[in-house]
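Work through the exercises below with the sequence and the structure open beside the text. Each task is followed by a solution in steps.

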Amino acid sequence: AMCGFMHGRLAADFTIPPVVARTPIQQQFPLCPKESLRGYKPKAPIHANPLKITLIKARINGHAPAYLNAHKACAGAFLIGGTPQANNHCLFNGHFSHYTWTSEAHDLGTRRIADKEYTDVYVQSARLSVPCNASDAASSLRCLAPRWRGKLAGDRDLPCPDGCNWTACALAPADSPPGPPPAVVRLPAERPIAEKSSRC
């Protein structure tokens, strides 16, 4: 399987705005910090799993993969993904754009905190935001907290090239020109009749 790491995209003014229709999302969130906001590094603002499965075979050892959670799948007894430190059977293809610094995602996180679902991750995310207008705590528009803006200020100017929308911003060495987008892989629309059942 191919696996990648989530890399949060930010609005140019550090607001956490709603997504706007008819404007490419990469233009609405053009900034990529050099360090992801999510990860297992000691200083990561959000201590959480950044790994996602980005491409997986339709059949592995005769089994159709089934997702166990947002980061891990299995095909029969064969596990794929998990965490970067685990025996994850991944071929890593870098970082990909992760659009969670939107007001929609913020509101979803607030509801999940209330429902006590994945509380730690969402609480850590919520602590990174503040009302944009400090004198109006009830303001609906929120911003990345100033302490994090200051931390990211030196790293913030890493715009994504126009032809790089299929992956995260250019994190390869500067002397390595971005390559062409990966080929589109079309998976079969229907499963074979004689398919083994998954034993996840």
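**Exercise 1. Cys143 and its partner**

Task: Decide whether Cys143 is buried or exposed, and find which residue it is joined to by a disulfide.

Solution. 
Step 1. The model is a predicted one. Cys143 has a relative accessible area of 6%. Buried means under 20%, so Cys143 is buried.
Step 2. The disulfide partner of Cys143 is Cys132, with an S to S distance of 2.0 Å. A disulfide requires the sulfur atoms to lie within 2.5 Å.
Step 3. The angle about the S-S bond is 105°, and the link of Cys132 and Cys143 is right-handed.
Step 4. Cys132 sits in the loop between strand 10 (129-131) and strand 11 (142-144), while Cys143 belongs to strand 11, so the pair ties together parts eleven residues apart in sequence.
Step 5. Cys132 has 32% relative accessibility and therefore counts as partly exposed.

**Exercise 2. The other disulfide**

Task: State how many disulfides a search of the whole structure finds, then describe the link between Cys3 and Cys90.

Solution. 
Step 1. The search of the whole structure gives two disulfides.
Step 2. Cys3 and Cys90 are joined with an S to S distance of 2.0 Å.
Step 3. This pair links distant parts of the chain: Cys3 is in strand 1 (residues 2-8), and Cys90 is in the loop between strand 8 (78-81) and strand 9 (91-98), 87 residues apart.
Step 4. The link of Cys3 and Cys90 is left-handed, with -50° about the S-S bond.
Step 5. Cys3 and Cys90 are both buried.

**Exercise 3. An aromatic pair**

Task: Give the number of aromatic pairs in the structure, and classify the pair formed by the rings of Phe5 and Phe92.

Solution. 
Step 1. There are two aromatic pairs in the structure.
Step 2. For Phe5 and Phe92, the ring centres are 5.1 Å apart and the planes are at 5°, so this pair is stacked. The cut-off for stacked is planes under 30 degrees apart.
Step 3. Phe5 lies in strand 1 and Phe92 in strand 9, 87 residues apart, and the pair links distant parts of the chain.
Step 4. Phe92 counts as partly exposed because its relative accessibility is 34%.

**Exercise 4. The salt bridge**

Task: Identify which side chains meet in a salt bridge, and say how accessible Arg112 and Glu117 are.

Solution. 
Step 1. Side chains of opposite charge can pair when their charged atoms come close.
Step 2. The structure holds one salt bridge. The side chains of Arg112 and Glu117 form it, at 3.8 Å from N to O. The cut-off for a salt bridge is within 4 Å.
Step 3. Arg112 has a relative accessible area of 25% and is partly exposed. Glu117, with 32%, is partly exposed.

**Exercise 5. A hairpin**

Task: Determine how strand 7 (residues 72-75) runs relative to strand 8, and what lies in the turn of their hairpin.

Solution. 
Step 1. Strand 7 and strand 8 run antiparallel and are joined by four bridges.
Step 2. Ala75 stands opposite Phe78, a residue of strand 8.
Step 3. Two residues lie between the strands of the hairpin, and Gly76 in the turn has a positive phi of about 65°.

How values were computed:
Residues are numbered from 1 along each chain as its sequence is written. This is a predicted model: local features need pLDDT of at least 70, side-chain atom pairs count only at pLDDT 80 or more; totals for chains, interfaces and linings use all residues. Side-chain values use heavy atoms; hydrogens and water are left out. Buried means under 20% relative accessible area, exposed over 50%, partly exposed in between (1.4 Å probe, protein chains only). Two strands pair if DSSP finds at least two bridges between them. Rings of Phe, Tyr and Trp (its six-membered ring) pair if their centres lie within 6.5 Å; planes under 30 degrees apart count as stacked, over 60 as edge-to-face and the rest as tilted.
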